[in-house]
Amino acid sequence: MDDEGIDRLIGMLSLERKVRLLTGATTWRTAGEPGIGLREMVTSDGPAGVRGEAWDERRTSLLLPSASALGAMWDEELVERLGRLLATEAARKGVDVVLAPTLNLHRSPLGGRHFECFSEDPELTGRTGAALIRGIQALGVAATAKHYVGNDSETDRLTVDVRASERTLREVYLAPFEAAVEAGVWLVMAGYNAVSGTTMTASPLLAEPLKGEWGFDGVAVSDWAAVRSTEETGRAALDLAMPGPDSRWGPSLVRVVKDGLVPEEAVDEKVRRLLRLAGRVGALGSRDPRRVPASGASRDDRALLRRAVSAGCVLLRNDAVLPLDRAGLSTVAVVGVHAASPRVQGGGSAGVFCSGAVSPLAGIRARLRGRARVVYEPGPAPGAPPAPLGPDRCTDPVSGAPGVRLRVLDAAGRELYAEHRLSGRQLEPDLPAGAHTVEISAVLRPRRAGEWTFGVGGFGRMTLTVDDRTLLDGEFPADTDDPAVVHVTPPVHTARTVLTAARPVRVVARRELVPGRGRATVVAAAPPEPDPVTALKDAVRAARDADIAIVVVGTTEHGETEGHDRAGLSLGGHQDELVRAVAAANPRTVVVVNSGGPVELPWHREAGAVLLTWFPGQEAGAGLADVLFGLAEPGGRLPTTWAASLADAPVTATRPVDGRLDYTEGLHIGHRAWLRAGREPAYWFGHGLGYTTWEYEAVEVPGRVTAGEPFTVRVTVRNTGSRAGREVVQVYLSRPDSAVERPERWFAGYATVRVEAGRTASAEVVVGPRALRHWSEADRGWATEPGPYRITVGRSAGDTRWEGTVSIT
Ligand code: BGC
C-alpha cells in the first residue's frame, strides 16, 4: 500500500484509536485495528535465534553462532544466508519482526553484550549487519537495527549518559546504523541510554540524521520499557513504545496531544510508519501474511549452522599441529568441562531454547569413531554458578517423566494450575487469576555423594527445600530495574547440603509473585566439585598418554550477559592452570576457547594451537570437529583486537562517573587505539590463520582518485601452501600529514578469494568514499581532504604486506 492509501486509513481513525496503535498490545505484540485491516504484529528477539512469543523450553529454536562469530566470518554471503535462516525461523514461529542485528561496537572488551555485537570496527559492523538485514528482510520479515546509539556497554544502561563528540558519533558509532538504513532496514530500536544528556527514546538523533538525512522510512521502536516520559518521547521521532499494554503513552499521550503539547501530526507520522511496516510484513490488508514457507528445521539448516561454526572459528596460532590427521592418531585426550557442556550462547534477552547442542566431545567422538580412542577428563570445575535442573538430571515428582513439575498456587497454597516442564528455569509462565506463588519441584537422583549446591533464582520471597531441609527462606529484593535482569537473568541464591549417592531427593523451589518482581523463577543444582588437584592430575595424565590433547576452556553465560559488564577477562576457576599443565604434558595440545568475547590467554605461546569458537550455536561440536580434522578451514578473522591482558587494553572503561560515560578516546577505539598507544596486543583485528600459506605478489592502486568516488585496490595473492584456502585481504588507510585529527590507521575494506594450492587470484577491495571522508564539526557536514593517503594492504591490522599511496583530488 502506498502512503496515500495509508493516509486514507489514518483518516478513518480517532486520535484515541491512533494512539492505541503506538503501544504494544502485549510483551511481544503490537496492537491490531481490524477496522482498517491491520492485524497484530509479533516481535521476537534475535540475534542468535528466534525464540517466538513464548519463553518455553519446549518450543525450541535453531541457534546460530553468536554475533561475534558472525563478525569473525568476513563473509557477507554467508551472513546473509544466516539472515534468511532467521527469517524462516520467524515464519515458523509466527514472528513478523526480528529484534536483530545489534550494531553497537566492541568499545571495551568488558562490554557484557560483546558477544551480541559484531566488531570493534564500524565498517565491518556495518557490512555484517547490512548482510544480516538483507537476509532477514528478503523473506518479508522485518529486521531491527539496535540499540541506537551508544549502548556499547551495560553498566547502568538504563540511565548512563554517553558523551562523545559529534565527529566520534558520526564516524564511529552512528556509521553502522547508517549502513543499516542504506541496506533498507525496517526498524531501528532506540536504546535505554542517553547520549549528550537526552535519553535515546527522546533523542534528536532519531530525527537527524536517522530519519532526515539518511531517509529512514521505517519504525523507530523503543527498547523494552525504555519510554519513560510522555511528552518528550511523544514529540520525538520515536514511533512505537514497547512492550504494552502498560506504557507512558496510551491515554497520557492522548491527553498531551489534546493539550496541544504534542502535535497530532506527530502521532499521524508515527502511525504512518507503523502501517508502512505492517504493509511490508503482510500485516495490513487481506494479503497472505507470510511470504515464506513455515518449515521446521531441516538437514540443510543444520548443515548451514555447522558450516557457520567453521566459518567463524579463528585460528590464532598453529605450531603445525592442525589440521589433525585421523590416520596418525590412536588416542586423543579431550579435556575441560566446556568440552562436554559447551556454552553455545550468551546470556540475556537474546537467549533461545535450542533442541540439543552438539558438544565438542560428541563432535570429536563422532569423527574418530572406530578410528581412535577418545579419553575425556573434565579437569577442575570452571567455577560457574549451579545450572538449572533439567530432564538429564531429574524427574517430575508426579508423573516420573524426565523434567520438573511447575505449579501455580493461590494465597492459601491451593493448586490453580500444574504442568510437566523440562527446565528448572521458568520465565513468564502463564498465570491464572489468583496466582500467588510459582513452584518448581523435581526429584533429583544424585550420581555423586557429598556436598551439593542448590540455588533458587528470582526476586521476592522465595524458599528452597531439599526433602525436609529448608535451605533458603527469605526476601530477595530486586536491586535493579533492568528488565533483562528482572525478567530473564535474576541472580541465583545458593546453599549447600550433603546428599548420598543414588538416594533420590525432592527439591522444591517457591517464589511469591509480586508485581514488579519479574517473571523468572529458577531452581538449580550442582554436584560436589571434584578436588581440583586430583582433577588436574587426571587431565595431565590423559594428555601425556595421548597423541593429541584438545582442551576446551571458556566463559559462562553468567560472565557474558546482558545487564552487566564483565568484571575481568580472565578465564574462571583453574582454567589457565589446566591449559598450562596440559600443554606442558603434551606439546601437541590444541586449546579451544569457547567465549563470546575476548579472554586473557596468558599461556597462548605455550600451546600447540589456539582456536576460538566464540559461542558457536547448536552445531558447536560438529563444526569444531570439521576444523580440527581439516574438513573445513578455520574461516574466521578477529573482528576485534585481543589483549594479552586487560591491563594492556587502551580502552576499557564502562563505569559511568556521575552518571556520565565519556568516550574520551574519541575516534580511537579497537585497533586504532592500540596503534595510537604504540602497544602490541596479543592478536590484532583481522588476524586469523587458515590451513594454507599466502604470498602477496602484486598490488595495483589508481594513482589519482576524485573525492567522492570509490576506487579499487587489486591485490594478487598466491596460495603457496598445499591445500585450497580462502584469504581475507584487508585494506587500511592513513594520512600522516592530515590537517584534521585522524586514527593512526583505519580499516577501509576487504575482499576474499578462494584459491587452489599453487594458484594465484586477484582480490578486488573496493574502497568507498565513506572511508575517506571525515565529519567536520565546524561545517557540520562530511568533508574529504584532498591530497595523498597511505594505503596499507595486509592480513591484519598488524601484519602489513604492502604499502602505497593514492592521491585524492
Ligand atoms: C534488550 C533488547 C531486547 C529487548 C526485548 C531489552 O532488554 O536490550 O535488545 O530486544 O529487551 O527482549
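These questions and answers walk through a ligand site and a strand pair in a predicted model.

Biologist: Which residues come nearest to the ligand?

Modeller: There are 13 residues around the ligand.

Biologist: How many residues in the shell around the ligand are charged?

Modeller: Sort the shell by class. Five residues are nonpolar and two are polar. The charged residues in the shell number six.

Biologist: How far is an N or O atom in the side chain of H147 from an oxygen atom of the ligand?

Modeller: A polar contact is a pair of N or O atoms within 3.5 Å. K146 has a polar side-chain atom 2.9 Å from a ligand oxygen. Y192 also places a polar side-chain atom 2.9 Å from an oxygen of the ligand. For the side chain of H147, the distance is 2.7 Å.

Biologist: How much of the ligand's exposed area does the protein bury?

Modeller: Start with the ligand taken alone. It then exposes 310 Å². The share that the protein buries is 97%.

Biologist: Where does the ligand sit?

Modeller: Look at the pockets of the protein. The ligand's place is the second largest pocket.

Biologist: Which residue in strand 35 does R773 stand opposite?

Modeller: Strand 34 covers residues 773–776, and strand 35 covers residues 781–784. The two run antiparallel and are joined by four bridges. Opposite R773 stands T784.

Biologist: Which residue in the turn of the hairpin has a positive phi?

Modeller: Strand 34 and strand 35 form the hairpin, with four residues between them.

Technical notes
Residues numbered from 1 in each chain as written. Predicted model: local features only at pLDDT ≥ 70, side-chain atom pairs only at ≥ 80, totals over all residues. Heavy atoms only, no water. Near = heavy atom within 4 Å. Polar contact = N/O pair within 3.5 Å; in protein donor to acceptor, adjacent residues only side chain to side chain. Areas by Shrake-Rupley, 256 points an atom, 1.4 Å probe, with all protein chains shown as cover. 1 Å grid on protein atoms, 1.4 Å probe; cavity = no way out; pocket = protein on both sides within 12 Å on 5 of 7 lines; lining within 4 Å. Sits in = over half its atoms within 2 Å of the grid points. Nonpolar A, V, L, I, M, F, W, Y, C, P; charged D, E, K, R; others polar. Pairing = 2+ DSSP bridges.
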